[in-house]
Amino acid sequence: MELDEKKYLYLLFILPIVVLLFLLNMYWKRKKQQEFGDLEIVKRLSPESSVFKPVFKLVVILLALLGLILGLVNPKIGTKLETVKREGIDIVFAMDVSKSMLAEDVAPNRLEKSKQVVSQIINQLGSDRIGIVAYAGSAFPLLPITTDYSVAKMFLQSMNTDIVSSRGTSLDEAIKLSSTYFDEKSKTSKLLILVSDGEDHSEGAKAAAEEANKIGMRIITIGIGTPKGGTIPLKRNGVVESYQRDQNDQVVITKLNQPDLEAIAKATKGGYVSGNNTKEVVEYVKKTLDNIQKTEFESTQMADFQSQFQWFLGFAFVLLFLDLFFLEKKTSWVKKLNLFNEEK
């Protein structure tokens with residue numbers, strides 16, 4: 001059993017408060033009766049007054065309140081177990097977060113365009129497992145392999161150029177770290193989707209891709225940017241203050257390096273696609289995934305939980321309805337039982 005709205009459990013504190021108010025009311029009544037006269041005489045003046053009925057009404061009210069509260073909490077009971085088998089592949093998205101990804105030759109900028117592309121790819125996935133790596137001068141594991149796509153997109157949208165402190169772009173570091181996400185002994189197909197403008201300040205990207213190919217990893221590279229390139233704006237509060245400059249104080253022009261991205265993909269029998277058109281990228285990746293063998297990588301028991309609030313609410317309303325007919329005077333059958341030694 002699980003509780004859907006646990007926040008309403010605090011309403012259970014109402015029950016002892018009701019009991020306390022009842023006891024205070026009984027004490028007040030008894031005190032007033034004593035002020036009126038001798039208790040024995042007062043009882044004789046009201047022979048139909050019952051001690052049992054007020055207590056009984058209190059119990060009914062408490063049970064009704066408990067039913068209402070449990071109805072709000074909405075307990076759920078697992079009524080059905082079924083085996084769920086997942087078939088898919090393992091996919092790692094390696095996202096370039098270097099400063100060059102702030103260039104606006106692709107609207108709104110390369111980094112935001114990368115997020116849009118990857119988010120749309122995730123929307124098209126079925127039961128594949130995904131992970132995310134962020135990289136610049138070094139690589140950083142942002143999200144381990146998971147099937148929770150909503151969490152993956154949340155991490156994706158949180159990415160910025162400050163996640164990785166080291167400057168530059170090392171595609172080889174991204175490939176090496178992504179390789180650790182996969183189980184080499186597993187028969188599950190392995191795919192790395194590397195998103196970048198292709199600018200690489202290391203020289204080992206192709207060699208890293210060849211090593212990745214040995215463990216059965218395929219790489220799709222998505223190029224973000226244009227051959228003409230663009231400047232890298234430096235903003236504060238959304239306003240451009242200056243542009244990135246090199247050591248010679250010249251404004252940096254960053255360009256798409258398509259040949260290197262194509263070479264990386266080719267080393268693993270993968271493919272390259274331009275990321276400037278989101279629809280084309282999604283279709284290309286979908287076509288590639290359709291041609292990759294899917295394997296069963298997870299089998300789990302799923303409980304189908306059903307809400308039970310209606311039973312508790314119904315129980316509460318029945319008690320409240322019946323309470324309307326419960327009077328505080330003695331009834332004949334209770335009077336005969338003499339539960340509270342009322343007859344002397």
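A surface patch, as the word is used here, is made of residues with over 30% relative accessible area and no salt bridge, and nonpolar side chains are joined into one patch within 5 Å. The model to which this is applied is a predicted one. In it, Ile 17, Leu 20, Leu 21 and Leu 24 make a nonpolar surface patch of about 400 Å². One of these residues, Leu 20, has its place in helix 1, which covers residues 14–36.

Asn 74 is found in the loop between helix 3 (52–73) and strand 2 (75–88). The phi angle of Asn 74 is near 60 degrees, which is a positive value in a residue other than glycine.

The next stop is the loop between strand 3 and helix 4, where Pro 108 is found. The peptide bond that leads from Ala 107 to Pro 108 is cis, and its omega is near -10 degrees. Glu 104 belongs to this loop too. Its side chain meets that of Lys 235 in a salt bridge, with 2.8 Å from N to O. Because Lys 235 lies in strand 9 (residues 233–236) and Glu 104 in the loop between strand 3 (90–96) and helix 4, the pair ties together parts that are 131 residues apart in sequence. The count of salt bridges in the model comes to 10.

Which angle does helix 4 (residues 110–123) make with helix 9 (residues 278–290)? The two pack at an angle of about 40 degrees, and their axes are 9 Å apart. Angles under 35 degrees would count as roughly parallel, and 65 to 115 as roughly perpendicular; helix 4 is therefore oblique to helix 9. The crossing of helix 4 and helix 9 is right-handed. On the side of helix 4, the contact is made by Lys 113, Gln 116, Val 117, Gln 120 and Ile 121, and on the side of helix 9 by Thr 278, Val 281, Val 282 and Val 285.

The other partner is helix 5 (residues 149–157), which packs with helix 4 at an angle of about 175 degrees, the axes being 10 Å apart. Angles over 145 degrees count as roughly antiparallel, so helix 4 and helix 5 are roughly antiparallel to each other. Here Lys 115, Val 118, Ser 119, Ile 122 and Asn 123 of helix 4 meet Tyr 149, Ala 152, Lys 153, Leu 156 and Gln 157 of helix 5.

Notes. Residues numbered from 1 in each chain as written. Predicted model: local features only at pLDDT ≥ 70, side-chain atom pairs only at ≥ 80, totals over all residues. Heavy atoms only, no water. Patch = residues over 30% accessible without salt bridge, like charges linked within 9 Å, V, L, I, M, F, W, Y side chains within 5 Å. Areas by Shrake-Rupley, 256 points an atom, 1.4 Å probe, with all protein chains shown as cover. Salt bridge = Lys/Arg side-chain N within 4 Å of Asp/Glu carboxyl O. Helix = DSSP H or I, 4+ residues; strand = E, 2+ residues; numbered from the N terminus. Axes fitted to C-alpha atoms, helices over the stretch in contact; angles between N-to-C directions. Left-handed = near helix turned anticlockwise from the far one by under 90°. Contact = heavy atoms within 4.5 Å.
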